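Please keep the sequence and the 3D view at hand while reading.

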Amino acid sequence: MLSIKNLHASVEDKEILKGINLEIKAGEVHAIMGPNGSGKSTLSQVLAGNEAFEVTSGEITLNGENLLDLETEERAREGIFLAFQYPVEIPGVSNLQFLRTAVNAMRAHRGEPEMNAAEFMKLAKEVSKQVDLDPAFLKRGVNEGFSGGEKKRNEIMQALLLQPKLAILDETDSGLDIDALQVVSNGVNALRAEDRAILMVTHYQRLLNHIVPDYVHVLAGGKIVKSGGRELALELEERGYGWLGIKDEETADSSAN
Amino acid sequence: MKPAPTLSSAFLHPVGHSLPEPLVALRKQRGTALVDMPLPTRKTENWKYSSKYLKLTDDMAIALPAEGKTGSSLAVPGYKVAFLNGVMIPEASEYPDLDGITIQSFDDLSDEEAADLADRLDNTLDNNAVQMARLNSARFEDGLLIRLSPDAVLDQPLFIVHEVTADASGSAFPRIYVDAGRHSQITLVEEYISSGSEPVMVNTVSEFTLADGANVTSIRLNMEGENVQHIGATGVRQQRSSRFESHSVGFGGPLRRHDLQVRLEGEGAECKLNGVVVTQGKQHYDNHTNIEHVAAHCNSEETYRNIAADQSHAIFNGRIHIHQDAQKSNAEMNNKNLLLSNGAEIDTKPELEIYADDVKCAHGATIGQLDEASLFYLVSRGIARREANVLLTMAFINELVEQIPVAVVRETAQTRLNQFFDQTFEEA
C-alpha cells in the first residue's frame, strides 16, 4: 500500500530524514520507534504533506500513486490520515462544522452525496461515544479548551469518521493517562481492517501493549536502523536504544545535525 | 506653506426640500458656522490615516434628487422606513401605529415639535471631534424622529433603509434622532445601500438619547457601492441603568468613515459596541469610537474585528475616557485584525484616558495573518484550501456575526461575506 524509497527530507536546509526505506501492506500495523530528534515526527509530517518540510530526494507511493505530486488535501482524499501529536485549537470553527466539512470533502471525492446536518449529527454522536467524548464537544471550537487526552480522542474520532487507507498516529499515546490510553487504543483497534494500514510513531513501548504491531522499526539519525517484529519493542523497553549504537537522546539529536 | 484646504462654499448652497421653519433656521445657522471650515488633512489627528481617501469635488455638493425607485438588499420582514437620498419615502415605508411610539419624518413635524427637535439636534456629538457631522446639520433635507414614551416597547426591529441613487454626482444627508423614554425598548437597523455609479458622498448623523432604564439596540449595515464616500457619525447619551448595544458590519469603499460616540452619563449605564469591517481591492474603512465614562458604576464592552485583503486599508481607533468621578467604571476594549495579503494595511490605536482611581479597564489589540498550522490541520482532513481559508476567516468574526440579534441582517451580511470570499480566495 505505502512504499517509501530512499526518502531524504530537510527543514530549513537541515537534513532530518537521510534515506528512509519502508514498505507497508494493507492490513498491517507498523510501529516506528526511536529517541527524540530521530526524525519520527518529520516522517509523519512529510507523509501528510506539510510544506515546511522539503523532500530533497526519494519517493513515496500510495497504491502506486506518487504521493509527492499531491497537495495535502489530495493526499487526505486518497486516504492518508495523520493523527497529530499536537492538534491545533481553532476557536470560531465548531467541531461539528469542521468534521462535517471534512467528511463531505471525502464523500465528494468519492462521488457520494453530501451528508446533511441531521444525518451527520447522528453519525458524529455515535462515533463520539466510541472514543468516550461527550457529544457536547461537537458544538465547541475545534480542540478549543480540550485537555491533552480529549485532543487525542478527537484525532481518533476523526480517523473513525474519515476511514482512511493509511492512518499515521504521531505520538498518540503522549500525555494520556491509563484510562485515556485504553479508550484511544480501543479506537485505533477498531480502525484495524484488512484494507487499511496503520503506522504508529511512538517514543514509548507502552502503546504497543494495547495496539499490537505486526512490525517494529527503529528510527535513529534519520534512518531506519533496525526492523523486527513485536519482540523488538519489548527488547527496546528492556535494553534501551544503547545496544543499537544509539547512546542517548542528545547523541541522536546531534547525529541528525 | 500651503493654506489648509477648506470646505468648498458649493457645499453650503441652500437646500431644496421643505422642512418646518425651526429646522430650516437650525440648518442655516449651522451652515453659516461652516464657512471656511478646514477639511481634515494628514495632520488632523483623527483623520491621519483617512484624509487621503476624502475627495470632495464641487459637483458632489449638489443634493441628490429624492425621486426614483427604492429597493433594498434586505428582504425586510417587518417594520420598514425607506429613505431615498436622505428623504423619507412614505409609500415605501411600513410601520405600525403603536401606543407610545411615534415615528415621523422631520417633514411631518409641527412647528412646536420641530423647535423642540432643533434644540436637541447635535447634542449627542462632540462636534469638535466629528467635524463632518456639522455638514450634515447644515444640509439634511429630511430625517426620522423616533420617540418612545416611558415603558414603550417596539415588538419587532425597525429597518431604516438608506438608499442613495448615484445616477449623477451629488450628496445625501440622512439624519435620525431616537428619543428613548424611561424603560422603553427598541431595536433599529440602519442599512446603507446605493445604486448607480457616479461619485457621491453620503454624510449621515444618527443620534440616540436613552432615558433611565431604556434599552436600545442599533445595528448598522454598510453595503454601499464603490462610488460612494460614506462619512457617518452616531452619537449616544445614556442615563441611569440604560443599555445601548451597537452591532456594525461594514464593507469597504473609496472612503468609509464612522464615528461612534457614547456618553455614559447616569450610574449603572452600560454599552456594548461590536464591529466587523471587511475590505478588499483598494478599499478603505475607518471606525473611530469614543466612550465617555462620565458617571460611576458604568460598564462598556467593545469588540471590533477588521479583515483587510488585497491592497485595502482598515483603521480602528478606540478611545475610552474615564472621568474623575466615574469610580467603579468597568471598561473592556478588544480589537483584532486579520491581514489577508502583504499589500493590505491595518492601523489600530487604543486610547485610554483614565482620571478615576478605582476602575477596571482592559484593552487589547492584535494584528495577524491566517495561522499556517491551522490551515495545515484543516487541509490534512481533505478540506479544500479555499474552504479552509474561508473557515478560518469566518472564525475570526463568527463570534460577532452570531451576536447580531436580527436573523435577516446576519443572512445579508453572510451573503456579502461569501462574495468577498469568492473574490479573495481562489478555487484550488
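In this predicted model, chain B is divided into two domains, with domain 1 covering residues 9-266 and domain 2 covering residues 372-428. Taken over C-alpha atoms, the centres of domain 1 of chain B and domain 2 of chain B are separated by 31 Å.

**Between the two domains of chain B**

- Where the domains meet, 15 residues of domain 1 of chain B are in contact with 10 residues of domain 2 of chain B.
- The size of an interface is often given as the accessible area lost when the parts come together.
- For domain 1 of chain B and domain 2 of chain B, the area buried between them is about 1000 Å², and 88% of it is on carbon and sulfur atoms.
- On the side of domain 1 of chain B, Ile219(B), His247(B) and Phe251(B) supply 43% of the area that this domain buries against domain 2 of chain B, which is more than any other three residues supply.
- Three elements of chain B, namely strand E8 (185-196), strand E10 (215-222) and strand E12 (243-251), each give two or more residues to the side of domain 1 of chain B that touches domain 2 of chain B.
- The residues on that side of domain 1 of chain B divide into 11 nonpolar, 4 polar and no charged.

**Between chain B and chain A**

- Across the boundary between the chains, 17 residues of chain B are in contact with 33 residues of chain A.
- Chain B and chain A bury about 1800 Å² between them, of which carbon and sulfur atoms give 65%.
- Within the area that chain B buries against chain A, 42% is supplied by Phe376(B), Tyr377(B) and Arg381(B), more than by any other three residues.
- The count of salt bridges between chain B and chain A is 3, and in one salt bridge the side chain of Arg381(B) meets the side chain of Glu155(A), with a distance of 2.7 Å from N to O.
- The interface of chain B and chain A also has 9 residue pairs in polar contact, with both residues at pLDDT 80 or more.
- Helix H4 (372-379) and helix H5 (385-403) of chain B are the elements that give two or more residues to the side of chain B that touches chain A.
- The residues on this side of chain B divide into 10 nonpolar, 4 polar and 3 charged.

- Ile80(A) is found in strand E6 of chain A, which spans residues 80-83.
- Ile80(A) counts as buried because its relative accessibility is 3%, under the 20% cut-off.
- Although Ile80(A) and Leu166(A) are 86 residues apart along the chain, their C-alpha atoms are separated by 5.1 Å.
- Leaving aside neighbours within four places in sequence, Ile80(A) is in contact with several residues, among them Leu47(A), Leu62(A), Leu166(A) and, from the other chain, Ser380(B).

**A mostly covered helix in chain B**

- Helix H3 of chain B, residues 131-139, is mostly covered, as 8 of its 9 residues are buried.
- Among the buried residues of H3(B) are Met132(B), Leu135(B), Asn136(B) and Arg139(B).
- The buried residues of H3(B) pack against helix H1 (21-33), strand E7 (175-180), strand E9 (200-210) and strand E11 (228-238) of chain B.

- Glu190(B), which lies in strand E8 of chain B, is buried with a relative accessible area of 1%.
- Arg237(B), found in strand E11 of chain B, counts as partly exposed at 27% relative accessibility.
- The side chain of Arg237(B) makes a polar contact of 3.1 Å with the side chain of Glu265(B), and other residues that Arg237(B) touches include Asn123(B), Thr124(B) and Arg263(B).

Technical notes:
Residues are numbered from 1 along each chain as its sequence is written. Chains are lettered from A and ligands numbered from 1 in the order in which they are written. This is a predicted model: local features need pLDDT of at least 70, side-chain atom pairs count only at pLDDT 80 or more; totals for chains, interfaces and linings use all residues. Side-chain values use heavy atoms; hydrogens and water are left out. Domain bounds come from an automatic or database domain assignment. Contact means heavy atoms within 4.5 Å. Buried area is the accessible area (1.4 Å probe) that two parts lose on being put together, summed over both. Helices (H or I, at least four residues) and strands (E, at least two) are DSSP runs, numbered from the N terminus. Ala, Val, Leu, Ile, Met, Phe, Trp, Tyr, Cys and Pro count as nonpolar, Asp, Glu, Lys and Arg as charged, and the others, Gly among them, as polar. Buried means under 20% relative accessible area, exposed over 50%, partly exposed in between (1.4 Å probe, protein chains only). A salt bridge is a side-chain nitrogen of Lys or Arg within 4 Å of a carboxyl oxygen of Asp or Glu. A polar contact is a pair of N or O atoms within 3.5 Å; within protein, one must be able to donate a hydrogen and the other to accept it, and residues adjacent in sequence count only if both atoms are side-chain atoms.
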